[in-house]
Amino acid sequence: MTNSLHINGEWDTGSGEAIPTLDPATGTVITEVASATRSEVDAAVAAARAALGAAEWAGLLPVQRAALLFRLADLIERNAEELAQLETRDQGQPIGVSRAVSVAGAAEHFRYYAGWVTKIEGSTTPVSFPETLAYTRREPIGVNALITPWNFPLMILAWKLAPALATGNTVVIKPSEVTPLTSIRLVELAAEAGFPAGVVNLVTGGGETGGFLTSHMDVDHVSYTGSTNVGRIIARASADSNLKRLTLELGGKAPSIIAADANIDAAVAGNTAGATLNTGQVCAAYTRFYVDKKREDEFVTKLAAAVSALSVGPGADEQTQLGPLVSEKHLCHVDRLVGLGRTEGAELVTGGQRLDREGYFYRPTVFSGVHDTMTIATEEIFGPVLSVMAYDGEDELDDIIARANNTEYGLAATVWTNDIRTSQRLANGIKAGAVFVNMPPVPDMAAPWGGYKASGWGREMGPQAIDAYTETKAVWLHYGQS
């Protein structure tokens with residue numbers, strides 16, 4: 001079993017039950033990690049609490065803290081190919097995605113927030129008291145539990161860890177037990193970069209381990225990315241413990257609206273990319289396609305051809321465009337929902353079945369004739385399954401906005417049109433944290449990311465992440481005579 005617990009600067013295999021992590025392209029075991037026990041989680045939280053006020057961390061000047069983040073970004077780049085290969089083997093994503101999105105994105109996040117360290121400011125407030133100065137300070141929130149998902153384990157950890165460290169916090173990381181390996185390697189690099197013992201701690205394990213963290217009385221903030229159902233469990237755990245602050249980036253069911261005037265070839269290319277990135281295992285993946293009836297047949301025909309032409313295979317193959325699903329369990333989930341699509345009357349245009357080969361491969365799937373109430377139009381699938389619906393032109397834009405918003409989710413959406421008025425009317429009306437116009441759903445570290453409704457609480461990335469990891473303290477100084 002690999003060393004998967006990092007507590008107060010020390011590595012350990014842990015004493016809990018071993019959990020295998022598999023290569024989804026073959027179904028074979030890569031290694032095993034520990035399921036951290038309650039006492040091991042307690043030790044990690046205690047180490048983070050002690051490091052929070054230690055001179056080695058709290059006493060660093062802002063430029064010194066920034067230098068550590070820059071150094072970690074450099075180490076990610078220096079070990080980029082190793083990290084990309086590890087991400088692909090553990091998660092299954094095509095190696096080109098691992099290199100360009102996961103690894104490069106992780107390094108960019110640490111550099112972006114390294115730049116923020118020297119720019120975290122308070123403000124003065126003109127209070128209505130004589131001879132009184134009121135000002136604010138931004139202080140670290142404290143001990144943060146960073147709980148990450150299995151779909152982009154390296155990049156999503158980076159977009160939590162970078163702002164947490166930039167603002168002077170300490171952390172306990174709990175990666176998904178399905179894809180923990182690049183998180184372990186990133187913590188090794190953080191130690192190599194020189195972060196003091198106890199600042200960055202790591203515990204591996206499943207839901208029970210995560211529960212120890214989310215209910216812990218000495219954790220001040222939980223940042224979680226994953227399913228809405230687990231997000232609700234975490235919210236209850238916070239309420240029942242110390243009302244710790246929560247940042248929750250949860251599920252999605254992103255609509256894509258294709259107007260009559262859209263460039264259909266561009267819309268097909270962009271929607272194919274937006275729907276099948278990482279085999280559709282993306283919370284912002286485009287999944288519901290509302291197409292003007294005048295262009296519906298053309299769009300469906302070209303979309304089916306585009307996804308059918310994707311090269312499906314192991315992520316390590318340089319030619320692969322669509323890798324495996326992450327596990328046998330998840331493949332069965334996707335296949336069950338595809339079966340419901342057929343049963344409920346949607347027309348299967350292409351795909352709809354598992355590939356006859358080792359590993360967890362599923363053919364990219366397009367349905368047409370889908371209705372808003374069908375399961376494939378309402379439930380998050382998290383796989384390469386695209387559902388096409390129609391609407392009756394510009395006069396129905398208000399109706400399309402209502403249909404797009406008729407979901408518990410509100411993470412992302414996209415609009416395809418050459419008319420600026422149509423784009424703004426739709427973008428303003430759709431209830432989602434991010435609306436992309438004529439482009440795939442690729443976030444950037446400088447812009448906020450998060451959802452409306454059941455897609456989550458709060459925002460990550462951009463300046464908003466500084467807010468997520470700090471408390472604002474008001475200081476009142478009376479300088480007149482006592």
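Predicted model: local features only at pLDDT ≥ 70, side-chain atom pairs only at ≥ 80, totals over all residues.
Q: Which residue ranges make up domain 1, and how far apart are the centres of domain 1 and domain 2?
A: The protein is divided into two domains, with domain 2 covering 254-437. Domain 1 is made of two segments, 5-250 and 455-475. Taken over C-alpha atoms, the centres of domain 1 and domain 2 are separated by 31 Å.

Q: What area is buried between domain 1 and domain 2?
A: The contact draws 24 residues from domain 1 and 28 residues from domain 2. The size of an interface is often given as the accessible area lost when the parts come together. Carbon and sulfur atoms give 59% of the area buried here, and the total is about 2,000 Å².

Q: Which helix gives the most residues to the side of domain 1 that touches domain 2?
A: Between the two domains there are eight residue pairs in polar contact, both residues being at pLDDT 80 or more. Helix 4 (80-91), helix 5 (95-116) and helix 9 (228-240) are the elements that give two or more residues to this side of domain 1. With three residues, the element that gives the most is helix 5.

Q: How many charged residues lie on the side of domain 1 that touches domain 2?
A: Sorted by class, this side of domain 1 has ten nonpolar and ten polar residues. The charged residues there number four.

Q: What is the N to O distance in the salt bridge between Arg99 and Glu318?
A: Side chains of opposite charge can pair when their charged atoms come close. Two salt bridges are counted between domain 1 and domain 2. For the side chains of Arg99 and Glu318, a salt bridge is assigned with an N to O distance of 3.0 Å.

Q: How many residues apart in sequence are the parts tied together by Lys473 and Glu139?
A: The count of salt bridges comes to 25. One of the pairs is formed by the side chains of Lys473 and Glu139, at 3.1 Å from N to O. Lys473 belongs to strand 20 and Glu139 to strand 6, so the parts that this pair ties together are apart in sequence by 334 residues.

Q: Which residue stands opposite Leu133 in strand 20?
A: Strand 6 covers residues 132-140 and is joined to strand 5 by two bridges, with Thr125 opposite Ala134. Nine bridges join strand 6 to strand 20, and these two strands run antiparallel. In strand 20, the residue opposite Leu133 is Leu477.

Q: Which residue in the turn between strand 3 and strand 4 has a positive phi?
A: Strand 3 (residues 18-23) and strand 4 (residues 28-34) pair in the antiparallel sense over six bridges, and Leu22 stands opposite Val29. The two strands form a hairpin with four residues between them. The turn residue with a positive phi, about 80 degrees, is Gly27.

Q: What is the phi of Glu131 in the turn between strand 5 and strand 6?
A: Strand 5 and strand 6 form a hairpin with six residues between them. Glu131 lies in the turn, and its phi is positive, at about 50 degrees.

Key
Residues numbered from 1 in each chain as written. Heavy atoms only, no water. Domains from an automatic or database assignment. Contact = heavy atoms within 4.5 Å. Buried area = accessible area lost by both parts, 1.4 Å probe. Salt bridge = Lys/Arg side-chain N within 4 Å of Asp/Glu carboxyl O. Polar contact = N/O pair within 3.5 Å; in protein donor to acceptor, adjacent residues only side chain to side chain. Nonpolar A, V, L, I, M, F, W, Y, C, P; charged D, E, K, R; others polar. Pairing = 2+ DSSP bridges.
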